[in-house]
Amino acid sequence: MLPVESFLQVFPTTPIRRFLQSKSILDFHFIIINQYAPQGLNIENLKYFFDSFSIPVFILGGFNLHHPLWGSDRSSPLSNDFVEWLQNSSFILLNSSNHTYAAYTGSASLLNLSICSASISHAVDCYVSDSNFESDHYPVIITWSILDHTPKKIKSIDWNRIMSNSATVLTTNTSLNALTSKVSEVIKENTKIVTLPAKNYPPWWNLSCHNFQKLKILFRKRALRLISESDWMKHKKYAAILRFHIKKASRNYWDKICNITKNPRMFYSMLNRICNHTNQKINTVNLILHNNHYISNPVQQSNLFPDFFSDDSMKYEPIPLDYCEDCNSHLNIPIHLQEVRQAIQKTRNSTPGADGITANWFKRLSNTDLTCITSFLQEVFTTSYIPEEWKHSIIVPIPKPNKDRTKINTYRPTALTSVFSKVFERIFIQRITHHLLTEKKIPPSVNGFLPLRDNQLAVYKIHTAIFEAHSHKKYFIGISLDIKSAYDTVYIDGLIFKCLQLGITGNITKILHNILQNRTLQVR
């Protein structure tokens, strides 16, 4: 239960019931108004009351109003007055699409509205559950990210010691299976997680800002208590250092955001999150519907996702494959140091896999260490043996925007894989792409995942074709095809067989086949 400062129940002369609660959680104060108007809400009697609050407000309940703004085919004078007030007020309508009431006749309508102050709407997520729990009303679920008081954790990494110890591991006679685990242990031993108090920290706040802020406050208190000039000078010193680190951290953060916006897909994703007010963090206490039963245990919920994401209901007959027939020597030459360096440079600093080895570790390797890494990758290529850690993925289920989170099919999986595997795969992707382009195996109409061919070029070609058809007074027919679970249903043996037909033969094809087979996953 949330701590309640006051509770007021009001029964006005009009047939409306209102319940007002003023809540306080730590330093956040807000008001919840739950009202029910069986004959329709007359906003004229309440708009001054709603507009009088100076702190965030949630207004929930049965408004019993019909208007095209929330999907109705008719409107009434009361609903028109309500919409006019809503457009001129400081409130935002949260749910305006899914129906919340189902009559016994089978008709559905949206009668239960949810409204909040515009100042907090960017942090509020709202959706309507698909299950009515044997009632004629569907629950409206509202989450407010500011109430998620998970303490901020900052990771402190001693890279100097990590790279020194890693160089020792790489230069010793370490087997391929033990290399990943030893490097992972070195990183874990020199990584410290600092949990900060529950406050609203800016997104760029790091450990340096936190430590120098503590030193600044410490010496200020000592200077005031002991009236010490030396402590006051130290306070001034650490205050200046703190300003420097705040300026540096904030600039680096916003530079990173600006670099992200250069990618159209990532920029669209950012805008989509802002427009839909979605919170990408998964609340593990949400109910998950499975076999007509609601599961609330987080462990049982996590166990549902591997079975769902690794659905192997589609079985295929294996194809006998001959990898070494007419071996392509260009694709199977030994791995060069420059290939490894280019693959590392193109690898993004994203979240690592289960081994905890990040792309930053690879980018900090010296030339001597890179030579050792190249020899290890060459050993994998020669033996065609893929370490089990490279084929293991951590799956993070991400809820789709504005979907019912009680259904397991409303989550999309994001896989965190080993960076060792990413670097290794990127080397052969470059070789295969070069082979397909030089041998002219790819039709000019294909634009995806190719150099100097992207979605903008495809849009330009379509626009040109439409313009030419229009100028010649002809028709232009466009077909958009979206295959459900296209990647998950790929026939692996058939894919490798097509690679052999395209001239991708030899050990590289065997490596690809081994990478795609017998993969394991776990859910975080």
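Author: Strands here are DSSP runs of E with at least two residues, numbered from the N terminus. The model is a predicted one. His 99 lies in the loop between strands β5 (91-93) and β6 (101-102).

Reader: Why is His 99 called partly exposed?

Author: Its relative accessibility is 40%. Buried means under 20% and exposed means over 50%, with partly exposed in between. The 40% of His 99 falls between these cut-offs, so His 99 counts as partly exposed.

Reader: What makes Thr 374 buried?

Author: Thr 374, a residue of helix α11 (residues 367-383), has a relative accessibility of 8%. That is under 20%, so Thr 374 is buried. A polar atom of the Thr 374 side chain lies 2.8 Å from the backbone oxygen of Leu 370.

Reader: How do you know that Glu 44 and Lys 47 form a salt bridge?

Author: The closest N and O atoms of Glu 44 and Lys 47 are 3.4 Å apart. The cut-off is 4 Å, and 3.4 Å is within it, so the pair qualifies. Glu 44 is partly exposed, because its relative accessible area is 41%. By this rule there are three salt bridges.

Reader: Why is the contact of Arg 222 and Asp 231 called a salt bridge?

Author: The N to O distance between their side chains is 3.7 Å, and 3.7 Å is within 4 Å, so this contact counts too. Arg 222 is partly exposed at 30%, whereas Asp 231 is buried at 5%.

Reader: What makes Glu 339 and Arg 431 a pair that links distant parts of the chain?

Author: Glu 339 and Arg 431 form a salt bridge at 2.9 Å. Glu 339 belongs to helix α9 (residues 337-345) and Arg 431 to helix α12 (residues 419-438), 92 residues apart. Glu 339 has a relative accessible area of 22%, so it is partly exposed; Arg 431 has 6% and is buried.

Reader: How do you know that Lys 403 can belong to a patch of positive charge on the surface?

Author: Lys counts as positive, and a patch residue needs over 30% relative accessible area and no salt bridge. Lys 403 has 42%, so it passes the area cut-off. The patch gathers Lys 400, Lys 403, Arg 412 and Lys 484. Lys 403 sits in the loop between β15 (392-399) and β16 (411-416).

Conventions. Residues numbered from 1 in each chain as written. Predicted model: local features only at pLDDT ≥ 70, side-chain atom pairs only at ≥ 80, totals over all residues. Heavy atoms only, no water. Patch = residues over 30% accessible without salt bridge, like charges linked within 9 Å, V, L, I, M, F, W, Y side chains within 5 Å. Areas by Shrake-Rupley, 256 points an atom, 1.4 Å probe, with all protein chains shown as cover. Charge placed at Lys NZ, Arg CZ, Asp CG, Glu CD. Helix = DSSP H or I, 4+ residues; strand = E, 2+ residues; numbered from the N terminus. Buried < 20%, exposed > 50% of the residue type's maximum accessible area, 1.4 Å probe, protein only. Polar contact = N/O pair within 3.5 Å; in protein donor to acceptor, adjacent residues only side chain to side chain.
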